[in-house]
Amino acid sequence: ELVLFCVKSPDTEETARQLSRHVRSDAVIVSLQNGVDNVERTRAVASLDPIAAVVYVASAIAAPGHVKHSGGGRLIIGDSLGRTGAARDETMSVVSKWFETAGVPCRVSQNIDADLWTKLIVNSALNAISALVQVPYGAIAATAESRETVHDLVNECVAVARADGVPMPDVDFVEMVLRFAQDNGHVHSSTARDLARGARTEIDALNGYVVRRGALRGVPAPANQSLVALVKLREGLKQ
């Protein structure tokens, strides 16, 4: 009845192709992934119609079979293509109630595209910096120079999102990101953990996506491009 699609963004297409051969047609699939276009990519390669989800949780695989939860744990779900209809709305309401019953806060969004981009902004502003110098979020917020870099990264992301037609809320995203970094000061990014263990990162689905969409819309994103280049360099050195 319910499939939680939790793979890393680079594995989206291949996993979707394999999954489509094993699930029944009425199964509900929830994309619990970083990035903003995983649902679109899944629909493009397989006969699957996932619900999009924004995941706010800090966790890591501390050892085989051992997951350490260090913060957060709430979900936002919605339909990234704006599909409407009583049946689809009822499905998302049921999924939300399932998560709530399991003790996972989950709300249904009426503007999931903006919610996905908000999470992308947080990831793009913090993850790569945390990864490149292997520091937790709190250190980024505590250093004046890195706060300036966060400022540039965030403003580029917001400009690209708005140029892409995403109805972003009128909030101070720089302040939001820095507050998030302070509130989760002990957390290392998933990108940092990927680099530390020599795994492929999700940089192409985060800062890389901002750069590509910016190029398509004529919005430069040099700060994001710099982080993409540096993370790619570190990935190459780990191979």
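This is a guided tour of a predicted model, stop by stop. Residues are numbered from 1 along each chain as its sequence is written, and side-chain values use heavy atoms, with hydrogens and water left out. In this predicted model, local features need pLDDT of at least 70 and side-chain atom pairs count only at pLDDT 80 or more, while totals for chains, interfaces and linings use all residues.

**Stop 1: the largest pocket**

Select V55, V57, S59, S190 and R193. Among the 38 residues that line the largest pocket, these are the closest to its centre. A pocket is found on a 1 Å grid over the protein atoms alone: it is an open set of points with protein on both sides within 12 Å along at least five of seven lines, and a lining residue has an atom within 4 Å of a point. The space in the largest pocket comes to about 1,100 Å³. A volume here is the space filled by probe spheres set on the points, with grid points joined across faces, edges and corners.

Now colour β3, β4 (66–78), α4 and α8 (190–196), the elements that give two or more residues to the lining of this pocket. Helices (H or I, at least four residues) and strands (E, at least two) are DSSP runs, numbered from the N terminus. By class, the lining has 18 nonpolar, 13 polar and seven charged residues. Ala, Val, Leu, Ile, Met, Phe, Trp, Tyr, Cys and Pro count as nonpolar, Asp, Glu, Lys and Arg as charged, and the others, Gly among them, as polar.

**Stop 2: the cavity**

How many cavities of 30 Å³ or more does a search of the whole structure find? The search finds one. A cavity is a set of grid points where a 1.4 Å probe fits but cannot get out. Select S31, G35, V39, A52 and L116, which are the closest to its centre of the eleven lining residues. The elements α2 (38–45) and β3 (51–63) each give two or more residues to this lining. The lining divides into five nonpolar, five polar and one charged residues.

**Stop 3: charges over a ring**

The charged end of R74 sits over the ring of Y56, 4.3 Å from the ring centre. The charged end of K119 also sits over the ring of Y56, at 5.4 Å from the centre. For a charge to sit over a ring, NZ of Lys or CZ of Arg must be within 6 Å of the ring centre and within 35 degrees of the ring normal.

The C-alpha atoms of E100 and R74 are separated by 9.5 Å, and the two residues are 26 residues apart along the chain. With 43% relative accessibility, E100 counts as partly exposed (buried means under 20% relative accessible area, exposed over 50%, partly exposed in between, with a 1.4 Å probe and protein chains only).

**Stop 4: aromatic pairs**

There are two aromatic pairs to look at. Rings of Phe, Tyr and Trp (its six-membered ring) pair if their centres lie within 6.5 Å; planes under 30 degrees apart count as stacked, over 60 as edge-to-face and the rest as tilted.

Select W117 and Y209. Their pair is tilted, with 6.0 Å from centre to centre and 55° between the planes. W117 lies in helix α4 (residues 112–133) and Y209 in helix α9 (residues 207–217), so the pair ties together parts that are 92 residues apart in sequence. Both W117 and Y209 are buried.

Next select Y137 and F180. The ring centres are 6.0 Å apart and the planes are at 50°, so this pair is tilted. Y137 is in helix α5 (residues 137–142) and F180 in helix α7 (residues 173–183), 43 residues apart. Y137 counts as buried at 7% relative accessibility, whereas F180 counts as partly exposed at 24%.

**Stop 5: salt bridges**

The whole structure has 16 salt bridges. A salt bridge is a side-chain nitrogen of Lys or Arg within 4 Å of a carboxyl oxygen of Asp or Glu.

- Select E14 and R17: they meet in a salt bridge at 3.6 Å, N to O, and both lie in helix α1 (residues 12–20), three residues apart, about one turn of the helix.
- Select E175 and R179: the closest N and O atoms of this salt bridge are 3.6 Å apart, and both residues lie in helix α7, four residues apart.
- Select D26 and R24: the closest N and O atoms are 2.7 Å apart, and D26 is exposed at 53% relative accessible area.
- Last, select K8, D194, R197 and E202, which are linked in a network of salt bridges.
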